[in-house]
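Hi everyone, thanks for making time.

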Amino acid sequence: MRLDDSDRRLLRQLVAAPDASTADLAARAGLTEPTCWRRLERLRGAGILRGQRAVINWRALGYQVEVSLRITLDKTDPRAFDEFIARARLVPEVLEIQTFLGRVDLRLNLIARDMAHYRKVYRDRILTLPHIADLEALMHLSEIKSEESLPL
């Protein structure tokens with residue numbers, strides 16, 4: 001699907017104010033409300049807009065530790081990826097799972113209330129995941145930039 005200037009304006013406004021009403025988005029993007037609604041539906045239908053979500057400040061909820069785990073799997077078993085991912089999805093503290101090409105196969109991003117909680121999650125839930133050949137933990141210190149929007 002090719003985006004025109006109106007689509008890009010609408011997407012920029014949606015990123016800036018994801019909780020805005022269709023009428024407000026239309027006004028911000030310089031569109032009529034029916035045109036705005038049709039464009040949003042077309043963007044959803046094309047898979048460009050996959051949904052809207054809340055961004056939660058986990059630290060405000062008491063989760064003070066964030067760790068990125070880089071994992072290399074023992075790929076001698078052809079089911080290694082599927083079995084690992086299926087089990088990792090069940091760990092509630094795991095917020096994100098990504099797969100890679102290269103030396104590292106996966107990255108898990110997880111949160112914990114404190115170091116004691118992290119140690120328990122790491123020992124009881126992470127180290128028991130199947131097919132781990134190598135694991136490196138990277139402690140998250142600060143977030144410099146986190147953008148999900150494209151330069152539209």
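I'll go through the cores, then the helix packing, then the aromatic pairs and one backbone detail.

First, some housekeeping. What you see is a predicted model, so to speak of local features we need pLDDT of at least 70, side-chain atom pairs count only at pLDDT 80 or more, and totals for chains, interfaces and linings use all residues. Residues are numbered from 1 along each chain as its sequence is written, and side-chain values use heavy atoms, with hydrogens and water left out.

Okay, the cores. By nonpolar core I mean a set of buried Ala, Val, Leu, Ile, Met, Phe, Trp, Tyr and Cys residues joined through side-chain atoms within 4.5 Å. Buried, here, is under 20% relative accessible area, exposed is over 50%, and partly exposed is in between, using a 1.4 Å probe and protein chains only. And when I name helices and strands, those are DSSP runs numbered from the N terminus: H or I of at least four residues for helices, E of at least two for strands.

So which residues touch the most other members of the largest nonpolar core? Out of its 19 residues, they are Leu 69, Ile 71, Phe 84, Leu 108, Leu 110, Tyr 118 and Ile 126. The elements giving two or more residues to this core are β1 (65-73), α4 (80-88), β3 (106-112) and α5 (115-126). β1 has the largest share, with five residues. Apart from that one there's another core, of 13 residues, and among them are Leu 11, Leu 14, Ala 17 and Leu 25.

Let's zoom in on a few spots. A contact, for us, is heavy atoms within 4.5 Å. Leaving aside neighbours within four places in sequence, Leu 108 is in contact with a list of residues including Val 67, Leu 69, Ile 71, Phe 84, Ala 88 and Ile 126. Ala 88 itself sits in helix α4, and it's buried, with a relative accessible area of 1%.

Is Asn 109 buried or exposed? It's buried, at 9% relative accessible area. Beyond its neighbours within four places in sequence, Asn 109 is in contact with Glu 66, Val 67, Ser 68, Glu 93, Val 94, Leu 95 and Glu 96.

On to helix packing. Two packed helices are described by the angle between their axes and the distance between the axes. The axes are lines fitted to C-alpha atoms, for helices over the stretch in contact, and the angles run from 0 to 180 degrees between N-to-C directions. Under 35 degrees counts as roughly parallel, over 145 as roughly antiparallel, 65 to 115 as roughly perpendicular, and the rest as oblique.

Helix α2 (residues 22-29) and helix α3 (residues 33-45) pack at about 100°, with axes 8 Å apart, so α2 and α3 are roughly perpendicular. On the α2 side we have Thr 22, Ala 23, Leu 25 and Ala 26, meeting Glu 33, Cys 36, Trp 37 and Leu 40 in α3.

α3 also packs with helix α1 (residues 5-16), at an angle of about 85° and with axes 11 Å apart. That makes α1 roughly perpendicular to α3. Ser 6, Asp 7, Leu 10, Leu 11 and Leu 14 of α1 make this contact with Cys 36, Arg 39, Leu 40, Arg 42 and Leu 43 of α3.

Now, aromatics. How many aromatic pairs does a search of the whole structure find? Two. Rings of Phe, Tyr and Trp (its six-membered ring) pair if their centres lie within 6.5 Å; planes under 30 degrees apart are stacked, over 60 edge-to-face, the rest tilted. Trp 58 and Tyr 63 have ring centres 6.1 Å apart and planes at 85°, so that pair is edge-to-face. Trp 58 is partly exposed at 31%, and Tyr 63 is partly exposed at 23%.

Tyr 118 and Tyr 122 have centres 5.7 Å apart and planes at 35°, so that pair is tilted. Both lie in helix α5, four residues apart, about one turn of the helix. Tyr 118 is buried at 9%, whereas Tyr 122 is partly exposed at 24%.

Last, the backbone detail. Most residues other than glycine have a negative phi. His 131 has a positive phi, near 70°, and is found in the loop between α5 and β4 (132-139).
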